[in-house]
Amino acid sequence: LHELLLDAFMDIGSDVKMFIPIMRQFSLSYRKQLRATKEITEEMKIILAQKREVKTTGAKGVVRDVLDILLTLKDENGKLLSDESIIDQCKLFLLAGQETSATGMTWILYLLASHPDIQETLYKEIISTFKKDGDDDDNDDDALLKMMSTGSSAVAIDGMKYL
């Protein structure tokens with residue numbers, strides 16, 4: 001699914017013909033994008049059917065996710081959402097989440113690069129929060145890996161002044 005998403009939403013180029021709607025159908029990248037979008041939709045239909053099957057068989061240990069929520073949502077008339085609506089919502093969720101996360105990370109990295117003093121303070125705070133007593137002073141990688149991999153890091157991060 002990841003590869004299909006990349007193909008479907010790739011840059012279709014800055015060619016002038018891309019701004020003329022009738023010419024789009026002749027572009028190889030546009031046709032590739034349409035084909036990938038169709039494949040994504042078909043893959044999502046399969047996932048949706050599998051999710052419904054799991055729900056009807058009452059399988060235990062299944063994690064609730066966004067798709068579970070969408071399967072139980074009702075429209076303004078009290079009817080469950082159609083498969084097409086659910087698939088459209090999933091596509092929107094995937095694209096919107098990716099775009100806002102990427103934009104946010106870009107600004108964070110830009111601002112940290114623009115303010116090396118704050119970057120250094122943040123780095124020291126992360127290391128001091130997650131470094132264990134007795135750890136090698138020259139190796140901060142372990143502290144950074146611990147910050148990224150532990151579930152308890154959210155509590156520690158919450159108390160950090162700069163992060």
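## Overall fold

Of the chain's 163 residues, 20% count as buried (under 20% relative accessible area; exposed is over 50%, partly exposed in between; 1.4 Å probe, protein chains only). The model is predicted: local features need pLDDT of at least 70, side-chain atom pairs count only at pLDDT 80 or more, and totals for chains, interfaces and linings use all residues. Residues are numbered from 1 along each chain as its sequence is written, and side-chain values use heavy atoms, with hydrogens and water left out.

The secondary structure comprises eight helices and zero strands. Helices (H or I, at least four residues) and strands (E, at least two) are DSSP runs, numbered from the N terminus. The order from the N terminus is α-α-α-α-α-α-α-α. Among contacts (heavy atoms within 4.5 Å) between residues at least 6 apart in sequence, 43% join residues at least 24 apart.

Helix α5 has 32 residues. From first C-alpha to last it reaches 46 Å, close to the 46 Å expected at 1.5 Å a residue. The expected span is 1.5 Å times one less than the number of residues. Buried positions in α5 are I86, I87, C90, K91 and L112.

Helix α6 has 15 residues. Its first and last C-alpha atoms are 21 Å apart, close to the expected 21 Å. In α6, the buried residues are L122, E125, I126, I127 and F130.

## Packing of α5 against α6

Helix α5 spans residues 83-114 and helix α6 spans residues 116-130. They pack at about 105°, with axes 5 Å apart. Axes are lines fitted to C-alpha atoms, for helices over the stretch in contact, and angles run from 0 to 180 degrees between N-to-C directions. The two helices are therefore roughly perpendicular (65 to 115 degrees; under 35 is roughly parallel, over 145 roughly antiparallel, the rest oblique).

From α5, the contact uses L112, A113 and S114. From α6, it uses P116, I118, Q119 and L122. By class, the contact has five nonpolar, two polar and no charged residues. Ala, Val, Leu, Ile, Met, Phe, Trp, Tyr, Cys and Pro count as nonpolar; Asp, Glu, Lys and Arg as charged; the others, Gly among them, as polar. L112 is buried in α5, and L122 is buried in α6.

## Salt bridges

The count comes to five salt bridges, each a side-chain nitrogen of Lys or Arg within 4 Å of a carboxyl oxygen of Asp or Glu. One of them pairs E42 with K45, the closest N and O atoms being 3.7 Å apart. Both lie in helix α3 (residues 28-57), three residues apart, so about one helical turn separates E42 and K45. E42 is partly exposed at 38% relative accessible area. K45 is partly exposed at 41%.

K51 and D68 also form a salt bridge, 3.5 Å from N to O. This pair links distant parts of the chain: K51 sits in α3 and D68 in helix α4 (residues 66-72), 17 residues apart. K51 is buried at 11% relative accessibility. D68 is buried at 4%. A network of salt bridges links K51, D65 and D68.

D83 and R52 meet in a salt bridge as well, 2.6 Å from N to O. Here D83 of α5 is joined to R52 of α3, 31 residues apart, again linking distant parts of the chain. D83 is partly exposed, at 35% relative accessibility. R52 is partly exposed, with a relative accessible area of 31%.
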